Amino acid sequence: MRGHLEKRRKNSWTIIIDRGRDPITKKRDRIIKSVEGPKREAEKIMNELLYQLQTGTYIETNNLTLAQYLIHWLNTYCSTNLAPKTIHSYQMEVYKHIIPGIGAIPLEKLTPLHLQAYYTDQLNFGRLDGKGGLSPRSVLYQHRIIREALKHAYRWQLVFRNVADAVQPPRLKKKEMYVLSREDVLVFLEGIRDHRDYALILTAVYTGLRQGELLGLTWKHVDLVKRTLNVRQQLQYVAKQGYIFRDPKTNKSKRQVPLTPEVVQVLKEVRKEQAQYKLISEEYFDHDLVFCLPNGKPLDSTNLTKRFKNLAIHHGHPELRFHDLRHTCATLLLAAEVDAKKVQEILGHESITTTLDVYGHVLPTMQREAMDRLSSFMKG
């Protein structure tokens, strides 16, 4: 198999790859592709095509539809590079919405206008039950999937640009976080002391762990003597696979979190109760989980979220979400004058910029108090 370049005009080339003769038709089988740019760029594309042909990953672009490409992308790139839950989510959107909507369009003929019209249609009529349109958040998610898929199509030389970059997706209003004050936290925790999820909720407030990190926390990663826990995994439920343990959200999410005496005490009680269940239970599923059902099986995140919502409503906080406990922890740490860098490390944010962007609303008051202390210091 050989390839060569033919110059068409300045910075314009034709790649010709000879694949020999078709064994049936006996006609010469060639791949011919036009490329704009310097010669070294054309050579790079030609070498990439030759590599794809040799490794069996080449896709014939003639008449390749968006649907065919998306299926190939899901089966090749996504299946080996994304988390199972993300793959399942992508598949649902691609097969139920994107392919039925615009999948028949040839990949090379897909335009920004096609996508813009599709997003408008989804906003107005996209619900599968026929009862109106999808939310802007759902359509934006589809846009991100399409944009990511086309980014790889561009890298693989299947298209000359990512048309999704030229489209204006729906804009979302930033959802306001609902944060409990110090007094609210104390009253709320006291009010739910006898609830089955009390220990988990208290730990969430005092550590800022994400829900999946809490549900995936195991005793081997908790040291009640040194008063620390290590976040090393999270628990997720994936359709057709059940519960799986996977790495935390980012590399920074793997972290050590110090524990307050309140958390240490409640975790000691949890461990004692689990030991009693193991003695009396005929069948205990020991996954070493800190927070689990009485029989040791993982807690269902959907049911936990529903129970928490009912608790929040009952105690006068109807807008409080489980994830807001993480926001509450961060806000209280900053209000307690914990250094922002240390808060970043506790929460597992990728950078301190994220911490400051999300919780910057707390800082102005802290800054004023700091300047007041400086003024008092200078006055002696």
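At what angle do the axes of helix α12 (residues 340–347) and helix α13 (residues 352–359) cross? They cross at roughly 100° and come within 9 Å; axes here are lines fitted to C-alpha atoms, for helices over the stretch in contact, and angles run from 0 to 180 degrees between N-to-C directions. α12 and α13 are therefore roughly perpendicular to each other, a label that covers 65 to 115 degrees.

A word on the model: this is a predicted one, where local features need pLDDT of at least 70 and side-chain atom pairs count only at pLDDT 80 or more, while totals for chains, interfaces and linings use all residues. Residues are numbered from 1 along each chain as its sequence is written, and side-chain values use heavy atoms, with hydrogens and water left out. Helices (H or I, at least four residues) and strands (E, at least two) are DSSP runs, numbered from the N terminus.

On the α12 side, the contact (heavy atoms within 4.5 Å) uses A340, K341, V343, Q344 and L347, and α13 answers with I352, T355, L356 and Y359. That makes six nonpolar residues, two polar and one charged. Ala, Val, Leu, Ile, Met, Phe, Trp, Tyr, Cys and Pro count as nonpolar, Asp, Glu, Lys and Arg as charged, and the others, Gly among them, as polar.

Now the pockets. A pocket is an open set of points on a 1 Å grid over the protein atoms alone, where a 1.4 Å probe fits, with protein on both sides within 12 Å along at least five of seven lines; lining residues have an atom within 4 Å of a point. Volume is the space filled by probe spheres set on the points, which are joined across faces, edges and corners.

| Pocket | Volume | Lining |
|---|---|---|
| Largest | about 1400 Å³ | 40 residues |

R210, K249, H323, R326 and H327 lie nearest the centre of the largest pocket. Its top contributor is α10, with five residues, and the lining splits into twelve nonpolar, 14 polar and 14 charged. For the second largest pocket, the lining holds 13 nonpolar, two polar and six charged residues, and α9 gives the largest share, six residues.

Finally, the sheet. Three strands form an open sheet in the order β1-β2-β3, with antiparallel pairing; strands pair if DSSP finds at least two bridges between them. β1 (2–9) and β3 (28–36) sit at the edges with a single partner strand each, so one side of each has no neighbour in the sheet. Seven bridges join β1 to β2.

Notes: Parallel < 35°, antiparallel > 145°, perpendicular 65-115°, else oblique.
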